[in-house]
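Welcome! Take a moment to look over the model below, and then we can walk through a few of its details together.

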Amino acid sequence: MSSFYATLSRMKYIERWALMRSSRSESLSEHCLDVAMIAHALCLIGKKRYGKNLNAEKAALIGIYHDASEIITGDMPTPVKYANSEIRDAYKDVEAKAEKRLVHMLPSDLQEDYLGIFQGDGSEEDTYMRHLVKAADKISALIKCIEEVDAGNPEFRTAKVSTEKVVDEMCKKYPEVKTFCEEFLPDYGNTLDELLSAH
């Protein structure tokens, strides 16, 4: 008996943006799917357009599980998580312990595979790929801010500005992020009719 997958299924009950009034709530499951799709796209862009050795499928998997620890820890609001280096480091330690706890719920023959998803192998390619997953996480947050502001919710105005700054910095560092933001980000917030009539 293993409770790993039943525990993961509870991601749909974790609500993000706890300190904000949202026009539509966003679950951890929704966010992780967005991050997985964007991370996959970033790695494909890196591979096809910039000749990098990136595993897009693994990036998608990492995206799916990147916040799984929040089932145990809850969603720590960004202003609190990054208030200072002590809190940030302490929370990273809590996250790592929560991930290990989740992995130990698995049968022993599956644990190594999931440790690879959660922890990585330390290689240059893996480290770069995980930076792109982090970028996907920030792009996903920016998309949520765009959607909320477009829906007339001023609660997300300052979050949108601060998240745009973070994503802009990532665009300077990672060409994949710049490409995604230039080619794909502008359509977020459009209606379905607008999206379908564009092609």
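A residue is called buried when its relative accessible area is under 20%, exposed when over 50%, and partly exposed in between (1.4 Å probe, protein chains only). This is a predicted model, in which local features need pLDDT of at least 70 and side-chain atom pairs count only at pLDDT 80 or more, while totals for chains, interfaces and linings use all residues. Residues are numbered from 1 along each chain as its sequence is written, and side-chain values use heavy atoms, leaving out hydrogens and water.

Let's start with serine 140. Serine 140 counts as buried because its relative accessibility is 3%. Serine 140 sits in helix 8 (residues 124-150); helices are DSSP runs of H or I with at least four residues, numbered from the N terminus. Beyond its neighbours within four places in sequence, serine 140 is in contact with His31, Asp34, Val35 and Ile38, where contact means heavy atoms within 4.5 Å.

Now to the aromatic rings. Rings of Phe, Tyr and Trp (its six-membered ring) pair if their centres lie within 6.5 Å; planes under 30 degrees apart count as stacked, over 60 as edge-to-face and the rest as tilted.

Tyrosine 65 lies in helix 3 (residues 56-65) and tyrosine 114 in helix 7, 49 residues apart, and their pair links distant parts of the chain. Phenylalanine 4 and tyrosine 114 are both buried, and tyrosine 65 is buried as well. One aromatic cluster is formed by Phe4, Tyr5, Tyr65, Tyr114 and Phe118.

Conventions:
Helices (H or I, at least four residues) and strands (E, at least two) are DSSP runs, numbered from the N terminus.
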